[in-house]
Amino acid sequence: FRKTKDLADNLTTSNNPHLPRLFMNTNLAIVVPCYNEEEVLPETNRRLLGLMATMQETGLISENSGIYYVDDGSRDRTWELISNYNAKSSSVHGIRLSRNRGHQNALLAGVFNAPGDVVVSIDADLQDDINVIKEMVDGFNEGNEIIYGVRSSRKSDTFFKRFTAQLYYRILKLMGVDLVYNHADYRLMSRRVIDCLKEYNEVNLFLRGIIPQLGFRTATVFYERSERYAGESKYPLSKMLALAADGITSFSVIPLHMITWLGFFVSLGSLAMVVWILIGKFALNSTIPGWASSVLPIYFIGGIQLLSTGILGEYLSKAYMETKRRPRYFIEEII
Ligand code: UDP
Ligand code: MG
C-alpha cells in the first residue's frame, strides 16, 4: 500500500496532463459558498470532515486536501463557526468576502483561491448528496476534467420550482443555449479547467453556461436531491429571475433577432391593413369610422415598441456593466 501511495504522489503531482491518473491520492478542495448558514453549517462540516477522513483512509485523496468555506458577507454567526472549525481542524479553511456578492461570485472566489488538483463545489445546505464526491474523484482519476452532479429527480422541489425550471431549460434551448439538464453548481473541475475559466473576464460569469463550452473530457454522476437540511433558501425569486435573465442575455443574441422579426411582421401586418382599408373605401364603399381599427393598433404597436426597447435595454445595460470591468468580489480574510 505504501508503495502505491508513493507512486501516486509522484504521478498525481506530475504536470504532464497526458499521463493517465490510474491511482489516487488526489489533492481535493471542496468549495462551499455560505450565506447566513449558521443553522446547517455544524452538520455540513461534520459530514464533510467525515467524508474526507474516509477518502483519506482509502488513499483516494491526499492528506492536504481541504474544505474551503466562502463566507459571502453573512450577517449571522457563519464566519464565527468557520473560524472555530478552522481552529479545530487543519483541513478546514475560510475565505471571507467583504460583503454579500451573490452565490456565483462566492463560488468563484472559492474556486479561484482554493489550491488542489481538483475542486468540487457544493452548496452548504446538504441538498446535494455529498457521498457523490467519491464518484466524482474516481471520475477524475479515470481522466475526466469536468464532472457534473445531476439530480436524478426533483421530488424535493416545489411544483413551482420544477415548473419554472422546466420552462427555463426550454426557453434557453430555443435561444440556442445548451445547459446540462438538472445540473446546478455541484460539480468537479480539474486545475486545468479552472485555469481556463480564469480567462473568461466577463464580470457576470454564468458558470452553468460557460463550463459546457470549455470542452475537455466530461462525465456525469447522478444523485437524489434532498430538502434543505435547515434554514431557509437564500435564493429568493428575485435572485432566481436575475440569474435566469443572466443566463439568456450572456449567451444568446436571439432576443435581439426576435425584435427584428417582430418589427418585420408588424410592418407587414400594417401594410395589409392599408390594403384592407383601401378596398373598403373604394371597392366596398363602406368606411365606417371604426374605433377598434384605430385604437387597437396604437396599443399593439406601443406594446411591441416597449418590449423591443426593453430587450435592447437589457443588452445595453449588460454591455455597460461589462465595460466598467468592476471586480467581482473583495476578500477580507483568508484562514
Ligand atoms: N449563497 C451565497 N450567497 C448568496 C445566496 C446564497 O453564497 O447571496 C449560497 C448559500 O449559502 C448556499 C448556496 O448558495 O450554500 C445555494 O443557496 P440556497 O440553497 O439557499 O439556494 P436554493 O437551493 O434554495 O436554490
Ligand atoms: Mg439549496
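Trainee: What is the mean pLDDT of the chain, and what share of its residues reach 70 or more?

Mentor: This is a predicted model. The mean pLDDT of the chain is 84, and 91% of its residues reach 70 or more. For the complex, the predictor gives an ipTM of 0.95 and a pTM of 0.77.

Trainee: Where does pLDDT stay under 50?

Mentor: Over residues 1-15. The model has 16 contacts beyond four places in sequence for that stretch.

Trainee: Why is Tyr69 called buried?

Mentor: The cut-off for buried is 20 or more other C-beta atoms within 10 Å. Tyr69 has 31 C-beta neighbours inside 10 Å, so it counts as buried. Tyr69 lies in strand β2, residues 66-71. Leaving out residues up to four places away in sequence, Tyr69 touches Val32, Cys34, Ile82 and Gly94. Its C-alpha is also 9.5 Å from that of Leu107, a residue 38 places away in sequence.

Trainee: What makes β2 mostly covered, and which residues are on each side?

Mentor: Six of the six residues of β2 are buried. In a regular strand, side chains alternate between the two faces of the sheet. On one side of β2 are Gly66, Tyr68 and Val70, and on the other are Ile67, Tyr69 and Asp71. All of these are buried, and both faces of β2 are covered.

Trainee: How do you know that β1 and β2 pair?

Mentor: Pairing needs at least two bridges. β1 and β2 have six bridges, in the parallel sense. Ile30 stands opposite Ile67 in β2.

Trainee: What surrounds ligand 1?

Mentor: The shell has 16 residues, and the closest are Pro33, Tyr35, Ala124, Ser233 and Lys234. By class, there are six nonpolar, five polar and five charged residues in the shell. β1 (28-34) and α4 (103-113) each supply at least two of the shell residues.

Trainee: How do you know that the span of helix α10 agrees with its length?

Mentor: Helix α10, residues 254-283, has 30 residues, and at 1.5 Å a residue it should span 44 Å. Its end C-alpha atoms are 42 Å apart, which agrees.

Trainee: Why is α10 said to lie largely in the open?

Mentor: The number of buried residues among its 30 is zero, so α10 lies largely in the open.

Trainee: Why does Ile311 count as partly exposed?

Mentor: Partly exposed falls between the exposed limit of 12 or fewer and the buried limit of 20 or more. Ile311 has 16 C-beta neighbours inside 10 Å, so it counts as partly exposed. Ile311 is found in helix α11, residues 291-324. Apart from neighbours within four places in sequence, Ile311 is in contact with Pro255, Leu256 and Ile259.

Trainee: What makes the phi of Leu126 worth a remark?

Mentor: Phi of Leu126 is near 65 degrees, a positive value in a residue other than glycine. Most residues other than glycine have a negative phi. Leu126 is in the loop between β4 (118-121) and α5 (132-141). With 18 C-beta neighbours inside 10 Å, Leu126 counts as partly exposed.

Trainee: What is the phi of Asn182, and why is Asn182 called partly exposed?

Mentor: Asn182 has a positive phi of about 60 degrees and is not a glycine. Asn182 has 17 other C-beta atoms within 10 Å, so it is partly exposed. Its place is the loop between α6 (159-174) and β6 (183-190).

Technical notes. Residues are numbered from 1 along each chain as its sequence is written. Chains are lettered from A and ligands numbered from 1 in the order in which they are written. This is a predicted model: local features need pLDDT of at least 70, side-chain atom pairs count only at pLDDT 80 or more; totals for chains, interfaces and linings use all residues. A residue is near a molecule or strand if its C-beta atom, placed from the backbone, lies within 6 Å of it. Helices (H or I, at least four residues) and strands (E, at least two) are DSSP runs, numbered from the N terminus. Ala, Val, Leu, Ile, Met, Phe, Trp, Tyr, Cys and Pro count as nonpolar, Asp, Glu, Lys and Arg as charged, and the others, Gly among them, as polar. Two residues are in contact if their C-beta atoms, placed from the backbone, lie within 7 Å. pLDDT is the predictor's confidence in each residue, from 0 to 100. The expected span of a helix is 1.5 Å times one less than its number of residues.
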